[in-house]
Amino acid sequence: RTAEAIHLVMDGTFTLANVIPIIQAHIGEPCRLTICTLGLNNATTDQLAAMLKAGTLSGLRLAMSSYFKASDPDTAARAVTTLTLAGAVVAVERLHAKLQLYQPATARARYVLETSSNLRSCNCVEVATLTNDAGLYRWHDKWLARFFQQNAL
């Protein structure tokens with residue numbers, strides 16, 4: 001089976017986190033979501049916690065940058081506390097990768113969003129590729145499993 005990909009150019013007028021419920025709704029079932037981002041905002045933290053509580057996300061691993069934690073400690077601490085209490089695994093370390101991995105609960109599809117954009121808006125032109133590719137998913141999931149094992153809070 002050939003991988004499917006959608007390429008996007010975003011104009012910086014919205015927050016990348018807005019695509020998370022859209023992708024999940026397109027998949028049509030709860031997903032285990034892994035996110036790598038430089039940083040996020042309080043609205044994104046609340047959105048992810050609500051999706052966990054509602055069951056639209058069956059699990060969440062969030063990796064964020066130690067730079068973000070140092071430069072915006074209040075927002076980072078709130079994200080760690082809120083998401084951990086909601087059942088997420090959170091890791092903080094030197095990280096600049098921006099990824100979202102979606103694993104549906106029952107479907108065999110595996111989605112990877114690779115992007116230049118963080119979850120919070122930086123008002124810049126950004127690009128992204130959303131791919132339905134189990135091999136690419138496994139590749140990212142393998143290094144991320146080690147990353148979370150070493151850096152989870």
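Where does N41 lie relative to β2 and α2? In this predicted model, N41 sits in the loop that joins β2 to α2 (42–54). Residue numbers start from 1 along each chain as its sequence is written. Because the model is predicted, local features need pLDDT of at least 70, side-chain atom pairs count only at pLDDT 80 or more, and totals for chains, interfaces and linings use all residues, while side-chain values rest on heavy atoms, with hydrogens and water left out.

The chain holds five helices and seven strands, where helices (H or I, at least four residues) and strands (E, at least two) are DSSP runs numbered from the N terminus. Read from that end, the order is β-α-β-α-β-α-α-β-β-β-β-α. The C-alpha trace spans about 45 × 30 × 30 Å along its principal axes. Of the 153 residues, 49% count as buried (buried is under 20% relative accessible area, exposed over 50%, partly exposed in between, with a 1.4 Å probe and protein chains only). Among contacts (heavy atoms within 4.5 Å) with a separation of 6 or more, 77% link residues 24 or more positions apart.

Buried in α5 are Y137, H140, L144, F147, F148 and N151. An α-helix has 3.6 residues a turn, so residues three or four places apart point the same way. The cover over the buried residues of α5 includes β2 (31–37), β3 (57–65), β4 (89–93), β5 (99–104) and β6 (111–115).

R61, in strand β3, counts as buried because its relative accessibility is 9%. Beyond its neighbours within four places in sequence, R61 is in contact with R32, L33, T34, I35, V89, D141, L144, A145 and F148. The C-alpha atoms of R61 and A17, 44 residues apart along the chain, are separated by 15 Å.

Leaving aside neighbours within four places in sequence, N41 is in contact with T15, T75 and R120. Between the C-alpha atoms of N41 and D72, 31 residues apart along the chain, the separation is 9.7 Å.
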